[in-house]
Amino acid sequence: RINMNIGKYFCHRIPERSFFIKGHQFPVCARCSGFYTGLALYLIVNYFYPHEYNLEMLIISMILMIPVAIDGLSQYFGPRESKNNLRFTTGFIGGVGLIIFLKIIMRWGLNVL
């Protein structure tokens with residue numbers, strides 16, 4: 001039997017911030033669902049349509065991570081409560097930016113840790 005609580009190690013899993021299908025909560029929240037979807041779809045598309053990882057792509061990756069940072073931080077520090085569709089969308093965009101950023105670090109051999 002598969003343990004469906006594995007998501008708790010990767011996400012807060014707050015029910016109000018998660019998607020449900022037929023009464024079953026996703027293993028991760030809406031924002032993390034967007035992140036993982038963006039990561040996976042980018043890797044699939046990039047496999048068929050590869051491109052260079054240069055300084056321009058580094059800048060693009062950082063720009064793509066801005067919306068998720070604004071959404072998450074404005075929700076955390078402000079009186080605003082983000083909706084799940086916005087969380088998913090900004091997570092998706094941020095996930096694409098993150099995977100590009102990670103691929104650049106791996107390609108360029110940067111030691112960031």
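**View 1. Salt bridges in the model.** By the rule used here (a side-chain nitrogen of Lys or Arg within 4 Å of a carboxyl oxygen of Asp or Glu), the count comes to three salt bridges. This is a predicted model, where local features need pLDDT of at least 70 and side-chain atom pairs count only at pLDDT 80 or more, while totals for chains, interfaces and linings use all residues. Residues are numbered from 1 along each chain as its sequence is written, and side-chain values use heavy atoms, with hydrogens and water left out.

**View 2. R31, D71 and R80 are linked in a network of salt bridges.** R31 and D71 meet through their side chains at 2.7 Å, N to O. R31 lies in helix α1 (residues 30-48) and D71 in helix α2, so the pair ties together parts that are 40 residues apart in sequence; helices here are DSSP runs of H or I, at least four residues, numbered from the N terminus. D71 also meets R80, at 2.5 Å, N to O. D71 is buried at 2% relative accessible area, and R80 is partly exposed at 31% (buried means under 20%, exposed over 50%, partly exposed in between, with a 1.4 Å probe and protein chains only).

**View 3. E81 pairs with R87 in a salt bridge.** Their closest N and O atoms are 2.9 Å apart. E81 is partly exposed, at 44% relative accessible area, whereas R87 counts as buried at 2%.

**View 4. Helix α2 (residues 55-77) holds I70.** What is the relative accessible area of I70? I70 comes in at 53%, so this residue is exposed.

Methods. Helix = DSSP H or I, 4+ residues; strand = E, 2+ residues; numbered from the N terminus.
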